[in-house]
Structures are given as structure tokens and as C-alpha cells.
Amino acid sequence: MSVTDPAGVIQPRRNRRKIASSLALQMASAAGLTKEAKTKHLNAKVQPALFAAAARRVGSTSPAVVIEAALAALATQDDLGPWLAGQWGILADVDPDLLGQIEA
Amino acid sequence: MLGSTGPLGPLLLDTNVFVNALTGRGPRILQTLLVNLPQTFVSAATIAELSWTRGRLDPDHPQTAKVITTINETLARIDPAKILTPTADQWRLAGERAGAAVRAVAGGTRSFKIAAERHEMLNDALTAVVASDAAIGIVTQDADFDLFMQIDPALEVLFYA
């Protein structure tokens, strides 16, 4: 499916969930985490509903694909958001005129 | 406004998120969102806007060093792999969309005759294009992104006020 924007450019609609999991894999790849051969064997029991929910997000019911996407999502997490929240108001006492220079 | 439906995937923080967090001027719901973000992206345009501070602030002001130190620490916290840098095609598309957005509102309450306004719109367009192409939602308080959502229906934006 596609839509046309006011400038006449055709833009494809995308499956955000699949792209998000693909994005994590791309970042894992960029970080060099997927260069090696797949030699690590995993054997685990998980709740079917948990697996089904993850499979829907990935767009595959293959355990290997789902596990790889889940591991990539975990491995590429960062702490910028929580860190920034922890810095809340650290510049609150700064002269407003000086802060105004940031936007001028 | 941050709604009851949570973000669908990874999020990109617009420049105003950093400024409002560091100055404490943002709403508490923004802080709550940040605490719970496992994966955060930033546009290269935001890197430039934050870095602007390092060159712009009055070096003789007694608090400049504190601000710049904080900005430097913030920039250092951003994972380089999470910076979305526009390609030549994305620059072209951003220019086109910034122009379309300005055309849509120019002549009303805004003139866009000041270069800084046009640059800001172009930076916003760059952020919108790289985020949309990566299927990453944007967190911002900048109403201009509403224009870009109208131009690009695939763009997802979480507004806070």
C-alpha cells in the first residue's frame, strides 16, 4: 500500500514492528555482533503466549528468527533516556539570558 | 501530548527534549517517558543544534563552563550508532518537505523571511525524514512536526506540552 503526499511523492507504508526488529538487527550487525558463525546453541522453554507475542512483532514464527531479534533488541539497548531523566533540571539555575543564547 | 497509547517502537529525541530535560522546564510526563526508554535515537541535526551551544555561548559568562560541560557530557552519552545521519537523497527530500511545510503556513501567522526560521524548519525536516525512513517515532514539543506528519503519513510523532 502506498500514499501520495502533497508534493506528489509516493511513499510506501511500512510495517513498523518488522522494521523495528530489523533495525535492532542492523545495529547489532553494525556493532559487529553478527559477524561470527551461529555456533551458540540455545535450548529453552518459554511461555507460548510470550513467544507468540514476540513472533507477531518480528513477523516470523521461526524460533531462531524470534530469538535472534529478541537478543538483538536487548544487546542494542542504551541508557540515554534514563540518564537524561536523571539530569533533570541540572541547568535550572543557569541565567535565563545565557540559556536564551542556545536558541538565538 | 503524550497519549495513553504507548510508543510502537524505538523513539528519537528532538533537541527540545534535551533542553527541557536539562533545564527542568519539561513536563514530568516527559521525565517519566525518558526513564522508561530502552532505546533512544538522535538526529544528526540535533547533534548540530546541541553543539551550537559550544560555539554560541558567551565565553566570559561565569556559567558558560557549566552549560558546556553538561552539553559535552550529554553528547558523550549518545551512542554514535544511534545517530541518524541523512544521506544526500534525504537532504533533498528534507529540503522539498521543508519548502512544502513553509508554503503551507507562510503568509499566515509566520513569514519565514528570517534565515534562522528557514534553517530550523530544514533541521526539523531532516529529523522527520531520517526518523520516518527508519520507522522511528519522534518525541518533541515542536508543532512544526504536525506539518511533516501531514506530508508524510508514515511519520509518527509523540507530542508533549
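Guide: One term before we start: helix axes here are lines fitted to C-alpha atoms over the stretch in contact, and angles run from 0 to 180 degrees between N-to-C directions. Also, this is a predicted model.
Visitor: Okay, so at what angle do α5(B) and α7(B) pack?
Guide: The angle between α5(B) and helix α7 (residues 144–151) of chain B is about 110°, and their axes are 10 Å apart. Angles of 65 to 115 degrees count as roughly perpendicular, so α5(B) is roughly perpendicular to α7(B).
Visitor: Is that crossing left-handed or right-handed?
Guide: α5(B) and α7(B) cross in the right-handed sense.
Visitor: Which residues make the contact?
Guide: From α5(B), Arg97(B), Ala100(B), Ala101(B), Ala104(B) and Val105(B) take part, and they meet Asp144(B), Leu147(B), Phe148(B) and Ile151(B) of α7(B). By class that gives 7 nonpolar, no polar and 2 charged residues.
Visitor: And what about α5(B) against α6(B), what's the angle there?
Guide: With helix α6 (residues 115–133) of chain B, α5(B) packs at about 125°, the axes being 8 Å apart. That makes the pair oblique. The crossing of α5(B) with α6(B) is right-handed. Contact residues include Leu93(B) and Ala98(B) of α5(B), and Leu122(B) and Val129(B) of α6(B). The contact of α5(B) with α6(B) has 12 nonpolar, 2 polar and 2 charged residues.
Visitor: Switching to the sheet: what's the strand order in chain B?
Guide: Chain B has an open sheet of 5 strands, ordered β3-β2-β1-β4-β5, with parallel pairing. β3 (83–84) and β5 (157–159) of chain B are at the edges with a single partner strand each, so one side of each has no neighbour in the sheet.
Visitor: How many bridges join β1 and β4 of chain B?
Guide: Strand β1 (residues 11–13) and strand β4 (residues 137–140) of chain B pair over 3 bridges in the parallel sense. Leu12(B) sits opposite Ile138(B) of β4(B).
Visitor: How many residues of chain B are in contact with chain A?
Guide: 39 residues of chain B contact 36 residues of chain A. On the chain B side, α1 (15–23), α2 (28–35), α3 (44–56), α4 (64–77) and α5 (88–105) each supply at least two residues. That side of chain B has 20 nonpolar, 11 polar and 8 charged residues.
Visitor: Last one: where is confidence lowest in chain A?
Guide: Strand β1 (residues 2–4) of chain A is lowest, with a mean pLDDT of 36, while helix α4 (residues 80–86) of chain A is highest at 97. Residues 1–13 of chain A stay under 50. Chain A averages 83, and 78% of its residues score at least 70.

Note on methods: Residues are numbered from 1 along each chain as its sequence is written. Chains are lettered from A and ligands numbered from 1 in the order in which they are written. This is a predicted model: local features need pLDDT of at least 70, side-chain atom pairs count only at pLDDT 80 or more; totals for chains, interfaces and linings use all residues. Two residues are in contact if their C-beta atoms, placed from the backbone, lie within 7 Å. Helices (H or I, at least four residues) and strands (E, at least two) are DSSP runs, numbered from the N terminus. Ala, Val, Leu, Ile, Met, Phe, Trp, Tyr, Cys and Pro count as nonpolar, Asp, Glu, Lys and Arg as charged, and the others, Gly among them, as polar. Angles under 35 degrees count as roughly parallel, over 145 as roughly antiparallel, 65 to 115 as roughly perpendicular and the rest as oblique. A crossing is left-handed if the near helix is turned anticlockwise from the far one by less than a right angle, and right-handed if clockwise. pLDDT is the predictor's confidence in each residue, from 0 to 100. Two strands pair if DSSP finds at least two bridges between them.
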